[in-house]
Amino acid sequence: MYSTCSRTSISQFNTPEFPILEKQNWLIHLHYIRKDYEACKAIIKEQLQETQGLCEYAIYVQALIFRLEGNIQESLELFQTCAVLSPQSADNLKQVARSLFLLGKHKAAIEVYNEAAKLNQKDWEISHNLGVCYIYLKQFNKVIYRSGDGFH
């Protein structure tokens, strides 16, 4: 009924143990949504030490906390790290662009929002935020509102 392969002990194969980069994400999320930022930052610090700084979610939440605390430049740098770790993520690019916008770098924000739009063409938030950037630059001719599509 059982094959000989199924009876072979896995320990015989010397399988390496890989760290799970996301093992604390649930706890980071829990503290973040409860606005317990100090506990959240402590867990993030531990998680990043364990993963040699490669846990994208921990970096992302740390960047959100920095931005909430008014540390926009640090937030930008962390969101840029997330974008490098996951280059196909429109959400990471949106956060980079948002931080650039908050720093008053509207032209740079437009460039990043355009990159995000290439990855997710149906995201109304990207279109809206592009429109807001153009308004700040007084380029009103580039702001066209489409019903249901946001600014474009």
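Buried means under 20% relative accessible area, exposed means over 50%, and partly exposed lies in between, with a 1.4 Å probe and protein chains only. Glutamate 38 counts as exposed because its relative accessibility is 56%.

Before going on, some background. This is a predicted model, where local features need pLDDT of at least 70 and side-chain atom pairs count only at pLDDT 80 or more, while totals for chains, interfaces and linings use all residues. Residues are numbered from 1 along each chain as its sequence is written, and side-chain values use heavy atoms, leaving out hydrogens and water.

Glutamate 38 sits in helix H3, residues 37-50; helices here are DSSP runs of H or I, at least four residues, numbered from the N terminus. Its C-alpha atom is 9.6 Å from that of isoleucine 65, which is 27 residues apart along the chain.

Now the core. A nonpolar core is a set of buried Ala, Val, Leu, Ile, Met, Phe, Trp, Tyr and Cys residues joined through side-chain atoms within 4.5 Å. The largest one has 36 residues, and Ile28, Ile44, Val96 and Tyr113 touch the most other members. H4 gives the most to this core, eight residues. Domain 1 (22-86) and domain 2 (88-147) both contribute residues, so the core lies between them; the bounds come from an automatic or database domain assignment.

Which residues does isoleucine 28 touch, not counting those up to four places away in sequence? They are Cys40, Ile43, Ile44, Gln47, Tyr57, Ala58 and Val61, with contact meaning heavy atoms within 4.5 Å.

Terms used
Helix = DSSP H or I, 4+ residues; strand = E, 2+ residues; numbered from the N terminus.
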